[in-house]
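Please consider the structure shown here.

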Amino acid sequence: MEAYKEEFIDFMVESDVLKFGEFTLKSGRKSPFFMNAGAYVTGSQLKRLGEYYAKAIHDNYGDDFDVLFGPAYKGIPLGVATAIAYSNLYGKEIRYCSNRKEVKDHGDTGILLGSKLKDGDRVVIIEDVTTSGKSIEETFPIIKAQGQIEIVGLIVSLNRMEHGKGENMTALDEIRQMYGFPTAAIVSMEDVVEKLYNRECQGRVIIDDAMKASIDEYYKQYGVK
């Protein structure tokens, strides 16, 4: 595993973004782990977060894209932080764009916030985590309505590695199949377990034998069949 991925896992735990216990997800699933990107709240956290995203985007998609599109609302700070980091790390100016939840009819009008999209733009969509693909269902037609736009790929911070609407592939794989563009994550839950199982992080063992058993049981039910 690349060093920045190991650092990112530590960073998620340190920032209280990745938690372990008992959680009920929006989908109704009972999960032994939960990720909340809304817990990145300080300047230093957002700076580091943008750098991890920028490295993962560079690794997966290279430099041949123009715009980072962050779906409202959580995708807005992700897009901004990553555009700044990309400029600092790789010397390339990437524009950021987001959708509004409501169309604005005065001043800076329209459905988009930040850079407008134009014919020929190559876009990377940036999100926190994808469980069901519902966000992409809303985002994809907005992007495509702006003109001849190419979606280079989707990047999320954590691949939860559970099945999507069907049981034969993950939500990220379903998106790839349905929309025809690549998907990637900074880290997967497999990476997280590899890094944290029976190892200290922040002075304690985060995934002990009991938690590992809970995670394994979760994937028996919700993992790809």
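Q: Where does F65 lie?

A: F65 lies in the loop between helix 2 and strand 3. Helices (H or I, at least four residues) and strands (E, at least two) are DSSP runs, numbered from the N terminus. The model is a predicted one, in which local features need pLDDT of at least 70 and side-chain atom pairs count only at pLDDT 80 or more, while totals for chains, interfaces and linings use all residues. Residues are numbered from 1 along each chain as its sequence is written, and side-chain values use heavy atoms, with hydrogens and water left out.

Q: Why is F65 called buried?

A: Buried means under 20% relative accessible area, exposed means over 50%, and partly exposed lies in between (1.4 Å probe, protein chains only). F65 has a relative accessible area of 1%, and therefore counts as buried.

Q: Which residues does F65 touch, not counting residues up to four places away in sequence?

A: F65 touches I57, Y86, K92, I94, R122, V124 and V152, where contact means heavy atoms within 4.5 Å. F65 and E93 are 28 residues apart in sequence and 10.0 Å apart in space, C-alpha to C-alpha.

Q: Why does F33 count as buried?

A: F33, which is found in strand 2 (residues 30–35), has 0% relative accessibility and therefore counts as buried. Leaving aside residues up to four places away in sequence, the residues that F33 touches include K19, F20, F23, L25, R160 and E162. Among its other contacts are M189, I215, Y218 and Y219. F33 and A85 are 52 residues apart in sequence and 28 Å apart in space, C-alpha to C-alpha.

Q: What makes helix 2 roughly perpendicular to helix 3?

A: Helix 2 (residues 43–61) and helix 3 (residues 75–90) pack at an angle of about 70 degrees, with their axes 7 Å apart. Axes are lines fitted to C-alpha atoms, for helices over the stretch in contact, and angles run from 0 to 180 degrees between N-to-C directions. Angles under 35 degrees count as roughly parallel, over 145 as roughly antiparallel, 65 to 115 as roughly perpendicular and the rest as oblique. The angle therefore makes helix 2 roughly perpendicular to helix 3.

Q: Which residues of helix 2 and helix 3 make the contact?

A: On the helix 2 side they are L46, L49, G50, E51, Y53, A54, K55, I57 and H58, and on the helix 3 side L78, A81, T82, A85, Y86, L89 and Y90. By class, this contact of helix 2 with helix 3 has eleven nonpolar, three polar and two charged residues. Here Ala, Val, Leu, Ile, Met, Phe, Trp, Tyr, Cys and Pro count as nonpolar, Asp, Glu, Lys and Arg as charged, and the others, Gly among them, as polar.

Q: Why is helix 1 roughly perpendicular to helix 6?

A: Helix 1 and helix 6 pack at an angle of about 85 degrees, with their axes 10 Å apart. Helix 1 is therefore roughly perpendicular to helix 6. The contact is formed by E6, I9, D10, M12 and V13 of helix 1 with D191, V192, K195 and L196 of helix 6. These residues of the contact of helix 1 with helix 6 divide into five nonpolar, no polar and four charged.

Q: How do you know that the buried residues of helix 4 line one face of the helix?

A: The buried residues of helix 4 (residues 134–144) are I136, T139, I142 and I143. Seen down the axis of helix 4, they fall within an arc of 135 degrees, so they line one face of the helix. The arc is that of the directions from the helix axis to the C-beta atoms.

Q: What shows that the buried residues of helix 5 line one face of the helix?

A: In helix 5 (residues 171–179), A171, L172, E174 and I175 are buried. Viewed down the axis of helix 5, its buried residues fall within an arc of 155 degrees, so they line one face of the helix. Their cover includes helix 4, strand 7 (150–159) and strand 8 (183–188).

Q: Why does D16 count as partly exposed?

A: D16 is found in the loop between helix 1 (3–14) and strand 1 (18–24). Its relative accessibility is 44%, so D16 counts as partly exposed. D16 has a positive phi of about 60 degrees although it is not a glycine.
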